[in-house]
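User: I would like to go through a structure with you. Could we begin with what lies on its surface?
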Amino acid sequence: MAYASVYPLVSARSLARPFTYEVPDDVGPGAVVEVRFGGGKRRGVVVDVVDAPPRGIDAVPIEKVVDDVPAALVELALWLADYYGSTPARALELVAPIKRARRVDRPHPAIREALAGEEAPEALSGSQTDVVGRIVAAMDGGSGAHFLLYGATGSGKTEVYLQACAAALERGLGAIVLVPEIGLTPQAVGRFRARFGEGIAILHSALTDAERRDERERVAAGRARVVIGARSAVSAPVRGLGLICIDEEHDASYKQESDPRYDARTVAAKRASLEGAAAVYGSATPRPESWERLERLELGGRLAGPLPPVKVVDLRRERGYPLSAPLLAELGAIAENGGKAILLLNRRGVAPALHCRACGKTIRCANCDVSLVLHGDGLLRCHHCAWTEPAPQTCPACASAELARLGAGTQRLERELEAHVPELQRVRLDADAVAKPGAAAEALSRFAEGDRIVLIGTQMVAKGHHFSGVALAAVVDADTGLGLPDFRAEERTFQLLTQLAGRSGRDAPGRVLVQTFQPDARAIQLAARHDVREFLAGELERRRELAYPPFRHLVRVVASGPEAASPARLLSELKGGLDHGDVLGPAPLLRLRGRHRAQLVAKTEQPRRVAARVAELLVDAAAAMRKAGVTAVVDVDPQSL
Ligand SMILES: [Zn+2]
Ligand SMILES: [Zn+2]
């Protein structure tokens, strides 16, 4: 008999330590076991095995072994819990999710979710050959390597991932390919399926529990050795991992916004190092962090010809919002000559606010400090909480009937298109339109097959789609993100504009239009010139001066409570107890879901140390916080402020 340290998978922070159980000799780290715990039975994960129990501990035997995960994933989970200030149990849940009973045989989700993929090219370009050679050499070296794969949209990054995955399989190794939102990239799944057939598994949050269990089982058993998935696939039970590719590495959806608040890109780097795998971060608009830190592999420009010219439309001079005269002219040309158009407007609904012309009141959410958004069904909705109310006919404050709809959202854009260019078909892609499962894939395939058709949507329309025949890509309002008080606001705007521009003219001459009230903004000017290097150089210079990532890490603490003063008071106390790093705040934030909020931001070279200190201080403050109804969330490397 041997003894094992087991983390029971319970979420309580007070129980966040390992417990000793007696186990059979063949049980090792990574075994998922059922144990008696706190009067019931619980799943747990073995993290260590020893010959004797700690002195004074009377260990009981485990009930049974129910599963096992690679030992390297246990190490990864414990690191993740420590780095992001979560508990080992919550991190271990990521690598050992619950198994459900087997039901019936069903088709693999990859079959359902794939669109027909493009054929393999007859030959690779010179730069593709060089880049694949570098990645394969690193894989053969087996000591872990991290690359930035930089190339314009259409420069052949996906083919590099495919070739590198094939090389991993030839060596008997496995591969993981992370994509931002798999439901929006059915073509990518199609290409992998065309190349590797049944050898791929797909993992993402929209699968049913049973589907996810089946896919994980095929991966664990080695029947599927290439895994494609969203963020959570970074912890797929691949054995003998040779390669991790992170496609569209700039995408913010790689960060999980609930506990454990991990960033799949950082976790992928750690996993590659632990398992001696090569990590490849690909993008046409890399993060400043990756540009600064990673070895760069360059693919160069677009394979099928130059990037399309971008025309900036100055909304201060042009009439017509959301459809300016130049944009209507371009759409008219498509109605006449055929082709497809993509219109990006990063706001849902009909109008982002209802505003009274008589008294100046804007109708706000009762629970949050934000305006309510008018939707096409006549309801006002809060985009932060579930609050919904009928849109009033008169102002609730002064009873005036002069309620103006401010701005435009995707639903209004759809109506305006119907009014001005009715001969074009319309497909809308936003969170409201794709709420039903399968709706996104259906919308995308309708657009792929259509002609004289417009895809209207939020940032979803800029995500890695490869449609043929796109003659026009237009940003209806480039300013929506620029005004946000976030150090990544410019980076996000630049990425969104450049990515959308890349959707146009992939196989035919294309046009790009950017409508803005700030035509001189740096992010807009440089995106219009496709000048990624210049943008990143300036952005890095600014971040170095202000000590933002990648030059310092950020640790953000957000406190919230029922009264206005208590969150800031807690944060002031925390700040007094922090002896390390440069701490900004407390600064008030918007009230959300009826709770007043404030934040503290630390800039530091030692994020784990700061997060650990904050955790200690929060334990000390726990009683007072409970009394005041205040809660706090610690976010290491937050993606927005
Ligand atoms: Zn009024
Ligand atoms: Zn609200």
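Analyst: The face of α15 turned away from its buried side carries the exposed residues E541, R544 and E545. Exposed means over 50% relative accessible area, buried under 20%, and partly exposed in between, with a 1.4 Å probe and protein chains only. This is a predicted model, in which local features need pLDDT of at least 70 and side-chain atom pairs 80 or more, while totals for chains, interfaces and linings use all residues. Residues are numbered from 1 along each chain as its sequence is written, chains are lettered from A and ligands numbered from 1 in the order written, and side-chain values use heavy atoms, without hydrogens and water.
User: Which residues of α15 are buried?
Analyst: They are V532, F535, L536, E539, L540 and R543. They lie on the same side of α15 because they cover an arc of only 125 degrees around the axis, the arc being that of the directions from the helix axis to the C-beta atoms.
User: What covers them?
Analyst: The cover includes β7 (145-151), α9 (288-293), α13 (489-501) and α14 (522-528). Contact means heavy atoms within 4.5 Å. Helices (H or I, at least four residues) and strands (E, at least two) are DSSP runs, numbered from the N terminus.
User: What follows α15?
Analyst: A547 comes next, with a positive phi near 55 degrees.
User: Now α16: which residues are buried there?
Analyst: S566, P567, L570, L571, L574 and G577 are the buried residues of α16. Their arc is only 135 degrees around the axis, which puts them on the same side of α16.
User: What do they pack against?
Analyst: They pack against β25 (553-561), β26 (582-592), β27 (595-604), α17 (607-628) and β28 (631-636).
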